[in-house]
Structure formats: structure tokens, C-alpha cells
Amino acid sequence: MWKWFKRILGAILALTLILVLGIWIFSKSLHPTYKGEEVLLGLDKEVTVYFDDAGIPHIEATDEKDAYRALGYVHAQDRLWQMELLRRLAPGRLSELFGKDLIETDRFFASLGIVEATKTTLSKVNLNSKANVLAQAYLDGINHFIKTGPKPIEFYMVGLEKTPYTMEDIYNVYGYMAFSFAHAHKTDALLTELKEKLGADYLKELDIPIAEGPQYIKSQSKGIKGSAIAKSVHQIFDKLPVPSFIGSNSWVVGPQKSTTGKVLFANDPHIGYSQPSVWYQSHIKTPAYEMYNFNLGLTPFPLLGHNRDYAYGLTMFENDDLDFYIEQLNPNNPNQYLTPNGYKDFEIVKKEIKVKDGESVHFDLRFTLHGPIVNDAFSHLKDERPIAMQWIYTKLPNKLMDLAYNISHSKSLHDFKNAASMLHAPGLNMMYGDAKDNIAWFASGQLYTYRDSVNTKVFLDGASGKDEIKEYIDFSLNPKAINPDWNYVYSANNQPDSIAGKYYPGYYLPEDRADRIVNILEGKSKFSRKDMQTMLMDVKSDVAPEIFANLLPHIKIGELDALEKSALNMVKNWDGNFIKEAVGPTIYSRFIYYFTHDTFADEMGKEAFELYLKTHLQNKMVAVQAAKDQSLFWDNNTTEAIESKNQIVTQAFKNAVAFIKNQLGEDYKNWRWDRVSSVAHEHPMGQVAALRKYFNVGPFKTNGGDEVINNHSYNLDSTGYYKVKSGPSTRRVVDFSDVENSFAILPTGNSGNIFSPYYKDQSQKYLNGEYVKMKLNQEDIHSTKQILKLKPQS
């Protein structure tokens with residue numbers, strides 16, 4: 001008996017050992033290859049890839065075509081899962097992976113017209129242009145990895161086989177990127193409903209006044225059912241397994257303001273936090289070309305980059321490039337709509353959404369001269385008026401591939417300016433600095449005009465022809481600054497200076513970050529590289545204390561109890577810094593929520609108010625409303641009395657203190673910001689609790705707040721917690737006095753492969769405000785022991 005027991009125990013142990021060993025061998029097979037030799041089809045000559053201590057590939061090749069083929073290969077081995085998600089967005093193919101929960105998401109994206117615009121573009125593009133030849137080489141590198149490399153672990157988990165990538169996939173990724181910049185879906189529909197519900201006077205109060213006072217980006221040129229849609233769009237974006245583009249900072253200091261007498265460049269695009277990180281870093285060097293790259297998934301050319309000659313980056317312009325039109329149906333034929341020239345048939349495109357473990361969903365998407373009917377995008381939308389979406393991205397020729405190639409291959413400021421002029425959508429602030437002491441900012445994107453009385457923030461008349469675009473504005477009239485006499489350029493998603501004597505409509509963010517950037521740059525005569533790095537981590541708001549100072553006189557001190565008075569003094573003495581240990585931001589943020597709620601919720605209604613809180617408009621209206629003594633919104637229309645500003649503000653502060661007391665206890669000195677604010681980088685597989693600790697990175701406590709330079713965006717809502725959704729997707733500083741000692745950081749790491757040592761190796765450095773060198777020095781690069789040789793097929 002004992003002998004049998006020992007045999008059974010031994011067998012169990014052996015099987016366990018075999019199982020563990022098998023799992024270990026399997027997991028090792030999924031690791032990226034950072035050293036050794038591999039054959040890469042299509043290469044003319046051998047390419048050497050040096051992976052540095054942050055896992056960043058430095059690709060050395062004899063020509064660009066080989067270099068881009070190698071880039072595609074190494075990009076795929078680190079980020080193939082990310083590429084797969086990105087290519088599925090625009091055509092509406094996420095349900096094939098995740099099932100019925102993403103049907104509405106797929107239906108929405110499939111209805112934007114991106115796929116149709118891609119097909120139109122590719123039917124006209126010159127596939128033999130330098131840009132497209134290199135893009136195809138990049139795709140060839142990806143597809144070689146698909147044939148020969150291991151499947152990412154996520155592919156096994158969702159039961160997915162690897163399939164080749166095409167030029168169509170790249171353009172569809174550009175389309176998703178362009179759409180994620182747009183805010184009209186979240187704002188115009190809501191404002192249209194509020195106009196119909198409350199009337200024009202209330203809507204006028206919500207229009208941000210364009211007048212002296214806000215911090216405009218200084219330009220040297222003076223040239224020429226709603227909430228149901230908004231709610232659906234917010235729900236769709238909340239479910240996305242990839243991040244959205246939010247905002248950004250950038251500033252470039254000229255030699256006159258630099259301690260070394262050379263240009264300093266800083267940039268930190270603000271994008272939704274996710275895992276993997278948004279940008280993939282790499283470095284290409286050939287005898288004729290060199291560039292240090294930050295690429296989006298499945299894009300061959302970097303939107304951020306630098307070399308020894310120049311640096312460039314971007315922030316979101318936030319201009320309005322998407323409008324909605326209410327079309328008029330033919331009462332005798334529902335398949336027609338009215339135009340100035342009579343009734344016209346809808347163009348109908350049949351769509352299919354394939355669903356994992358479910359039946360496919362079929363629907364017809366109608367197109368008018370303006371664009372797709374957005375009602376068709378939402379199965380539950382009951383508005384009978386057909387609402388068409390006109391989007392500049394799909395309306396005009398698409399030159400994004402050539403733009404990305406040209407900005408990364410410019411030889412001069414003139415070349416870069418010409419490249420920036422190619423952009424139609426999305427609108428971007430293109431930032432530039434070079435080794436020849438030039439600095440520049442270009443507000444890029446195709447701008448246009450309507451007749452003066454048209455308000456593009458609400459739905460327009462699609463039938464009469466009166467609300468059509470009057471003219472397209474030439475790029476030479478777009479806002480810009482080239483070597484200005486104030487010796488710096490910057491952008492922070494705020495309103496740029498006038499165009500053709502008018503301020504261009506858009507969804508610009510509050511002036512908080514812009515004020516802080518300008519105050520710092522104007523407050524000091526000279527800046528060093530270290531100053532730029534420190535500035536990117538700045539968490540002080542110059543605007544928040546001003547808003548509180550505007551509201552303070554309206555708080556009736558005599559109505560406050562002892563705890564409320566202590567809390568009031570705490571905010572009065574707060575310097576505006578959103579640091580982890582501070583109490584001021586906790587009280588201030590809850591006060592602003594109740595101030596906003598008690599001012600607007602009664603008029604808007606619960607659902608519309610919750611949508612309003614998620615718009616840029618809410619951010620801008622806080623300062624505007626706080627400065628008003630008279631407003632239609634002060635009165636609470638749910639009571640018989642007529643409330644004043646004093647009553648609203650006092651009650652909002654009392655409500656805030658009562659909430660925090662219940663949330664964090666009576667000791668107001670312990671109401672620290674890090675008790676209510678945190679950040680995490682979530683992976684789609686992290687939705688499963690058992691997998692969270694393996695795929696997600698975080699959560700972490702961190703310094704930062706909404707609309708400070710180290711921008712941490714979160715929802716201002718009823719929960720009292722501020723879960724950070726987005727922030728700096730990278731921080732970069734390029735110093736042209738010592739370009740080999742330029743630095744950057746990613747939120748997590750350069751690899752999206754959980755078995756890579758570079759999956760999350762930068763996360764703590766990112767939180768601490770540390771940086772990683774962007775290596776250009778050959779001796780430094782060659783010192784690594786991680787060398788991958790890619791050889792042509794013999």
C-alpha cells in the first residue's frame with residue numbers, strides 16, 4: 001500500500017513538474033527577441049538592431065527601405081496586440097474579439113465613413129511615392145513577424161489567429177486618430193438639446209465669450225436629439241480598449257532665453273492612459289538619414305521625433321472640423337432627402353458586424369451630401385430627424401501619410417512648414433525647433449468659414465443650403481509664430497489668436513495650463529534643460545486660486561460651522577499645487593463639483609448635466625460662471641424662491657465639506673489629495689479580476705490634477721474620487737546645445753509584451769519625474785549586449 005502511494009505521489013509530482021516546465025517553456029517562446037540572428041525576408045543587406053537599457057531599438061541599416069522593414073518587425077514583436085486592436089476600430093471589428101458588449105461601439109465606428117474614405121484615398125494614392133514605398137516596407141516587416149514570430153499571449157486568450165496587415169489598416173488607424181480628436185459628438189448634440197429645452201438665452205450664457213482676458217496663443221498672422229447622441233458617444237468611448245487623444249502641452253525656447261544659447265524643445269501630448277503605452281520609441285540611422293522616433297501603433301512615420309538638426313512635436317489644435325446637419329426627408333419617399341436642388345436619393349452602404357459567439361448584426365448606413373446619417377450608428381436612437389455628420393477628415397483628400405513622411409524627413413524650417421500645410425484633419429499645433437536657432441508653431445488643419453450668423457456648436461440646416469461652408473481658408477492665414485520677438489512658442493490646447501479678424505470656433509480647453517506656462521516662461525530670463533524637465537512636472541494651477549478668490553466673497557461666513565470655517569481657511573491658504581500631501585485640492589475639487597451641480601443641474605436635468613460634466617465646455621465655464629454676478633442659472637428652478645449667487649455658492653461649499661467629512665472623516669487635516677486621486681494603466685485583459693495584476697500597471701498615488709501642466713484628467717462627478725483617465729503620454733526635452741543628452745519618458749514601458757522586461761520598467765521613473773536618455777551617440781548605443789542581427793534570405 002505504501003509502495004503504491006509513493007508511486008502515485010511520484011507520478012503526481014512528475015506530472016506537476018512537467019506541467020510547470022511546459023508552461024515555462026511556452027512562456028519563454030512568447031518573449032520578444034532582443035539578441036541573436038533572424039532572417040527577415042526582403043532585406044537587401046544585413047540590418048543591426050541595438051536594444052538599449054530601456055528596450056528601445058536603434059536600427060542601423062544601409063538604406064531606409066531596409067531600416068523601415070526592420071522597424072516593422074521589431075515594432076510588431078513588441079506591440080502586435082496593440083496594432084490588432086487599432087486596426088479593428090474604424091471598420092467595427094472589435095466584437096469579433098470581445099463579443100456582444102462591443103456591438104454598439106463597432107456600429108458607431110463603422111458608421112463614421114472612415115473605411116469609405118480610406119478606400120477613396122487608396123484609389124488615388126501614388127503607391128510608388130517614397131512615403132508609400134517605405135510604408136510598404138514597414139508593413140512587410142510586420143507581416144514577416146506574423147509569419148515567423150510567436151503569437152502574443154492575448155491572441156491565445158481571445159482565440160485569434162495572426163493575419164497580414166495592409167495599407168488600408170494604416171489609413172484606418174489614421175482615421176481613428178483623427179476622430180478621437182473630435183469633440184462635436186460630445187458637445188454639439190448636447191447644446192442642441194439644451195437650446196431646444198431652455199431657449200437661446202440660456203445657450204448664450206453657455207457660449208464662452210471670446211473677449212480680452214483669456215490667454216490666447218500669440219500669433220504673428222492675422223488672416224482670414226441631442227443628448228442621446230452625446231450619451232451614446234460617451235458610453236462608446238468609455239468601453240474602448242485603446243486610448244483617446246485628449247490635449248497636450250508644448251513649448252520651445254529660443255536661444256535668447258536658453259542658458260546655453262541654443263534651442264530647447266519640450267512636448268508632452270496628453271492621451272488616455274492605457275497599457276501598452278501609446279508611443280513606441282525607436283531610432284533609425286542610415287548613411288543618409290537619422291531620426292529618433294515616437295510612433296503610434298501600426299504607423300510607419302513618427303508624429304514626434306528629433307535628430308541632430310531639428311525636433312518636432314504636436315498638441316491638439318481643438319478646432320471645430322465636424323458639424324451636424326438636420327436633413328429633411330421626402331414625405332412621399334423615405335429614401336430621399338431634400339437639397340437646394342430638390343430631393344436626392346440616400347446613398348446606402350450595407351454593413352455587417354461579426355460577433356464572437358453570436359449572430360452577425362446587419363444594418364444599412366445612409367449617406368447624404370454632408371456625410372453619414374448618425375442615427376444609423378445607434379440602434380436605440382429614436383430621433384426621427386435624420387442627422388448627417390460632415391467631417392473634414394472624410395470630406396477632403398487625405399494626405400496624412402505624406403504629411404507624416406515629410407515632417408520626419410524635413411531638411412529645413414521651410415520644408416517643415418510646407419509639410420504642416422498638408423494637414424486637413426485633425427487639427428494639430430505643429431511645434432518645431434532646430435540646431436540653427438529657429439523656433440516655430442503652426443496651427444495646422446483645413447479651416448473654413450460659414451455665413452456670420454451660423455452657430456456651428458448646434459445642429460445646422462441641411463436642406464436650405466444656407467448653412468454650407470462658404471470658403472476654405474488658405475494655410476498662409478492660419479495662426480502661427482516663427483522666431484517671434486518674445487523668444488518662445490507654446491501651445492496648450494487653448495484658443496489661438498484671430499484668423500481673418502475673428503476667433504476660430506473650436507472646443508478649446510481652459511486657459512489654466514496656458515496661463516501657467518506663460519507665467520513661468522515670462523517670469524524667468526533664461527532656461528536650462530533641467531528647468532524644462534522640472535516644468536513638465538509642474539502641478540501648480542495659477543487659475544484655481546483665482547476662481548476660489550472670485551467665489552470667496554459670496555460664501556456667507558456666518559452660516560458656516562467650525563469644521564466648515566477650518567476647511568475654508570485651508571483652501572484660502574492653498575497655493576494651487578496638486579501635490580499628494582495637500583488638502584487644498586481635495587476641498588477645492590469637491591467644492592467646484594457642487595458649485596457646478598447647484599448652478600446647472602436643475603436647468604439641464606440629471607442626464608444632460610452628467611454629460612455636460614464630461615465636456616471641455618464644463619472645464620471652461622467654471623471660471624466664466626464664477627466671475628458672473630448676474631446669471632439665469634443662479635436661480636434653482638426646482639424651488640419657489642429665487643436664489644442668488646451667494647446662496648448657491650454658500651450651499652455648494654457646505655455640501656462639499658459635508659461630503660468629504662462623510663467620505664474621509666472629521667479630521668480635515670487628513671483630507672489628503674492622494675486619498676481620493678490615483679492613476680492606473682489598464683490593459684483590456686485587466687478587465688478580468690484574476691488577470692489584473694499581470695496585465696495592468698498600477699494603481700499609483702501621484703502628484704497632478706486636471707488642467708495643470710502635469711495634466712491628470714478625471715471625471716468631475718458625484719463619487720468624490722478622481723480616477724485619472726489621461727495624462728502625459730510621454731515627456732520629451734531636446735537640448736540642441738547637447739543633443740546627445742536629450743531625454744524622454746513613457747508612462748509604463750516601450751514593450752506591450754507582458755513577458756518583456758520593458759513592459760513596465762519606466763512606470764516608477766515616470767511617477768518620480770525621472771527621464772531616460774534618447775540615445776544618439778554611437779559608442780553609447782553599441783555598448784549594449786542586446787544586439788539583434790536581421791539578415792537577408794540567402
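## The big picture

Of the 794 residues in this protein chain, 60% count as buried. Keep in mind that what you're looking at is a predicted model. The chain contains 25 helices and 31 strands, and its C-alpha atoms fill a box of roughly 85 × 75 × 70 Å along the principal axes.

How does the radius of gyration fit with what a compact globule would have, and what is its value? A compact globule of 794 residues would come out near 28 Å, and the chain has 27 Å, so the two agree.

## Surface and charges

The chain's accessible surface comes to about 30,800 Å², and carbon and sulfur atoms account for 52% of that. As for charge, there are 88 positive and 95 negative ones, and their mean positions sit 5 Å apart.

## A helix on the inside

Take a look at helix α4, which covers residues 103–110. Seven of its eight residues are buried, so the rest of the structure largely encloses this helix. The buried ones are I103, T105, D106, R107, F108, F109 and A110.

## Getting to know K151

Now find K151 in the loop between α6 (130–148) and α7 (153–158). Is K151 buried or exposed? Its relative accessible area is 13%, and buried means under 20%, so K151 counts as buried.

Who are its contacts? Leaving out residues up to four places away in sequence, K151 touches L30, Y156, L160, E161 and K162. Two of these contacts can be described in more detail. The side chain of K151 reaches the backbone oxygen of L160 at 3.5 Å, and a polar contact of 3.3 Å links the side chains of K151 and E161. E84 is 67 residues away from K151 along the chain, with 12 Å between their C-alpha atoms.

Most peptide bonds are trans, and most residues other than glycine have a negative phi. Here are some spots that go the other way.

Q275 and P276 are joined by a cis peptide bond with an omega of about 10 degrees; P276 lies in the loop between β5 (264–272) and β6 (280–286). Another cis bond joins A425 and P426, with omega about 5 degrees. You'll find P426 in the loop between α14 (413–420) and β17 (428–434).

N483 isn't a glycine, yet its phi is positive, at about 45 degrees. N483 lies in the loop between β22 (480–482) and β23 (488–491) and is partly exposed, with a relative accessible area of 36%. E707, also not a glycine, has a positive phi of about 65 degrees. E707 sits in the loop between β25 (697–700) and β26 (722–724), and at 4% relative accessibility E707 counts as buried.

Key: Residues numbered from 1 in each chain as written. Predicted model: local features only at pLDDT ≥ 70, side-chain atom pairs only at ≥ 80, totals over all residues. Heavy atoms only, no water. Helix = DSSP H or I, 4+ residues; strand = E, 2+ residues; numbered from the N terminus. Rg over C-alpha atoms; globule rule 2.2 N^0.38 Å. Buried < 20%, exposed > 50% of the residue type's maximum accessible area, 1.4 Å probe, protein only. Areas by Shrake-Rupley, 256 points an atom, 1.4 Å probe, with all protein chains shown as cover. Lys, Arg positive; Asp, Glu negative; His and termini not counted. Charge placed at Lys NZ, Arg CZ, Asp CG, Glu CD. Contact = heavy atoms within 4.5 Å. Polar contact = N/O pair within 3.5 Å; in protein donor to acceptor, adjacent residues only side chain to side chain.
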